Amino acid sequence: MWNPKSIGRRFKNGYMLTEEQKVRRTKTRLDNITNGPNWKGGRIVSDTYVKIWTGTKYVPEHRLLVEKQIGRKLKPSEPVHHINGNTKDNELKNLVLLKHPMAHIRYHRGTIKKGDILWDTTCR
Ligand SMILES: [Zn+2]
């Protein structure tokens, strides 16, 4: 049943925020991150990846590093594989840029084909 009281409560808890309120909320959260004692210049370690703050959003560090190596932006379809399986180990020699998601799957299966690897440190 529709109940104005529960709507009000949900609103207070943040389940029904307007777009403007959401933006303000996100900004406050980000301000807390960037001004807080744990701020390390825009580098955070999530559960899976190291991420870098670009001024507007967080991007995975390993993708930025490969972009720097090849001198262009990566396409979203181009996976970067961590050779030793540690997705937080962003040593260049641990990274391989693959041509497409299928190439990544083949890499994991050990059935890589010619042309699947777009870049790794042996390419330099
Ligand atoms: Zn992989």
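This is a predicted model: local features need pLDDT of at least 70, side-chain atom pairs count only at pLDDT 80 or more; totals for chains, interfaces and linings use all residues.

Entry 1. I started at the end of a helix. Glycine 71 follows helix 3, and its phi is positive, near 75°.

Entry 2. I stayed with helix 3, which covers residues 61-70. Which of its residues are buried? I found His62, Arg63 and Val66 buried there. Looking down the axis of helix 3, I see the buried residues fall within an arc of 100°, so they line one face of the helix. I then checked what they pack against: strand 3 (58-60), strand 4, strand 5 and strand 6.

Entry 3. Next I stepped back for the overall count. I get four helices and six strands in the protein. Read from the N terminus, the order is α-α-β-β-β-α-β-β-α-β. Of the 124 residues, 9% count as buried. I also looked at contacts with a separation of 6 or more: 28% of them come from residues 24 or more positions apart.

Entry 4. I see an open sheet of three strands in the order 4-5-6, with antiparallel pairing. Strand 4 (80-82) and strand 6 (117-120) are at the edges with a single partner strand each, so one side of each has no neighbour in the sheet. The twist from one strand to the next averages 25°.

Entry 5. I went through the pairings. Strand 4 and strand 5 are antiparallel over three bridges, and strand 5 (residues 95-98) pairs with strand 6 in the antiparallel sense, again over three bridges. Where does leucine 97 of strand 5 come in? It is the bridge partner of valine 80, and in strand 6 leucine 97 has tryptophan 119 as its bridge partner. Valine 96 stands opposite aspartate 120 in strand 6.

Entry 6. I checked how strand 5 is covered. Leu95 and Leu97 are buried on one side, Val96 and Leu98 are buried on the other, and both faces are covered. A reminder to myself: in a regular strand the side chains alternate between the two faces of the sheet.

Entry 7. Helix 4 (residues 101-109) lies across strand 4 and strand 5 and runs at about 135° to strand 5.

Terms used
Residues are numbered from 1 along each chain as its sequence is written. Two strands pair if DSSP finds at least two bridges between them. Helices (H or I, at least four residues) and strands (E, at least two) are DSSP runs, numbered from the N terminus. Axes are lines fitted to C-alpha atoms, for helices over the stretch in contact, and angles run from 0 to 180 degrees between N-to-C directions. Two residues are in contact if their C-beta atoms, placed from the backbone, lie within 7 Å. A residue is buried if 20 or more other C-beta atoms lie within 10 Å of its own, exposed if 12 or fewer, and partly exposed in between; C-beta atoms are placed from the backbone. The arc is that of the directions from the helix axis to the C-beta atoms.
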